[in-house]
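Walk through this model with the coordinates open.

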Number of protein chains: 2
Amino acid sequence: MFSDATISRMPLYLRELQQLHRAGQTRVQSGVLAKRLGLNDSQVRRDLSGFGSLGQRGVGYDVKGLIQTIQNTLGSDRSWNVILVGVGNLGRALSGYRGFEQQGFRLVGVFDSDPGKIGTKLGLLTIRPLEEIDDLVQSEDVELAIVSVPANAAVSVAHRLEMAGITGILNFAPVTVSKPQSSTTVVNVDLAVELQRLAFAVMKSKE
Amino acid sequence: MFSDATISRMPLYLRELQQLHRAGQTRVQSGVLAKRLGLNDSQVRRDLSGFGSLGQRGVGYDVKGLIQTIQNTLGSDRSWNVILVGVGNLGRALSGYRGFEQQGFRLVGVFDSDPGKIGTKLGLLTIRPLEEIDDLVQSEDVELAIVSVPANAAVSVAHRLEMAGITGILNFAPVTVSKPQSSTTVVNVDLAVELQRLAFAVMKSKE
DNA sequence: TAGATTGTTAATCGATTAACAATC
DNA sequence: TAGATTGTTAATCGATTAACAATC
């Protein structure tokens, strides 16, 4: 139904649509969305056509209806329980990141291996040892985990999460966590890699 | 010479090669790199072939030599001066992120619009008002900026950075900053979008 | 030499884009 | 009706992969 490329653009459409909705817009055209996201208008129509005929020719798309359809189809109408593993600088910032809860992600547990951190508070939550991951995943029906541990710990943490029944991992550790045989989905975000991508793209554009 | 897709994988190759180098490995094969990054071995050879014939048939690639070639070609043998604009939770975490300096990125200035923050310290640097961006970009030859301001400020900040002569922006604000007509390169990283991509991919895999 | 692995071509696959009939 | 914009097809473009000769 939807290609991987289309799926990965859906959160962007959703974000723009929600912004338009907040700004009081009731309709939007493919060209407008395309411009805001730096895409081609054909691409936007093609991406959205997967939902069926939602637009009105000559008029555009209904902002509210489109938001609801995307959310319904892709599961962001409900909330997801999330845990955070690794409470360093980045982990702390991620735990307080407003954008997550705004999209229906509920942080229900935070974990670290450092005995000095265990038992202390992070926001409203108490930092717990990794050994308690299984229990919480069971009791709270946790599906997603954010991993911000050091590189050398990431693979074993990912394995533990998988064993605990986590179905999705957002990995910020500077290693590619990919388990080809497993059913756990992983999205890797390496901040240093992103900055280097920028630098490389700048170099290339200067040629 | 290099496709965009290849360029965006280069930081990943570099990261794995540096890890192998630290671990004392002197040689590596395309299949090994592929496995670590979840890629196809043909793809790795094709990506690396852009540098010329660096491998030895029957043997593999020289780890150290490959690192140096990538760095030389793509400008990560030198250091880049970087500024940070927006000192919230995320900005603070980014300013202390070890991965940046390890790859030759030097944070030379931090800026915020909040008078309450201006003049206070962030690590070794003093937070300054946005008005001083131009001066610092000139005096320190700054090429890259990390933007972690609220969504509504991001576009005007990006514009200011562009005017100041910044050539690359790593944008963490939840808006797509793209200036089609400008020569400034932008890489957008929206953390909420990444988490949602994960959730959508999980939904899709469950179908 | 035999085995391994690269470099590179050609085939495949998937994603983007242009174009336009359908229709609001 | 005239103008605008969708939905969808067909064409294009680019990226991935399989395969294998070259060669260490």
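Which residue forms a salt bridge with Asp47(A)? Arg9(A) does, with the closest N and O atoms 2.7 Å apart. A salt bridge here is a side-chain nitrogen of Lys or Arg within 4 Å of a carboxyl oxygen of Asp or Glu. Asp47(A) sits in helix H3 (residues 41-49) of chain A and Arg9(A) in helix H1 (residues 4-22) of chain A, so the pair ties together parts that are 38 residues apart in sequence. Helices are DSSP runs (H or I, at least four residues), numbered from the N terminus. Over all chains, the whole structure has 20 salt bridges.

This is a predicted model: local features need pLDDT of at least 70, side-chain atom pairs count only at pLDDT 80 or more, and totals for chains, interfaces and linings use all residues. Residues are numbered from 1 along each chain as its sequence is written, chains are lettered from A in the order in which they are written, and side-chain values use heavy atoms, without hydrogens and water.

Now the interface. In chain A, 64 residues are in contact (heavy atoms within 4.5 Å) with 64 residues of chain B. The two chains bury about 5,400 Å² between them, 69% of it on carbon and sulfur atoms. Buried area is the accessible area (1.4 Å probe) that two parts lose on being put together, summed over both. Leu195(A), Leu198(A) and Phe200(A) lose the most area in chain A, together 13% of what that side buries.

Four salt bridges cross this interface. One residue pair is Asp190(A) with Arg15(B), whose closest N and O atoms are 2.7 Å apart. Helix H9 (residues 191-206) of chain A gives the largest share of the chain A side, 16 residues.

Finally, look within chain B. The axes of helix H1 (residues 4-22) and helix H4 (residues 63-74) of chain B come within 10 Å and cross at roughly 145°. Axes are lines fitted to C-alpha atoms, for helices over the stretch in contact, and angles run from 0 to 180 degrees between N-to-C directions. Residues making the contact include Ile7(B) and Leu14(B) of H1(B), and Leu66(B) and Ile70(B) of H4(B).

Technical notes
Helix = DSSP H or I, 4+ residues; strand = E, 2+ residues; numbered from the N terminus.
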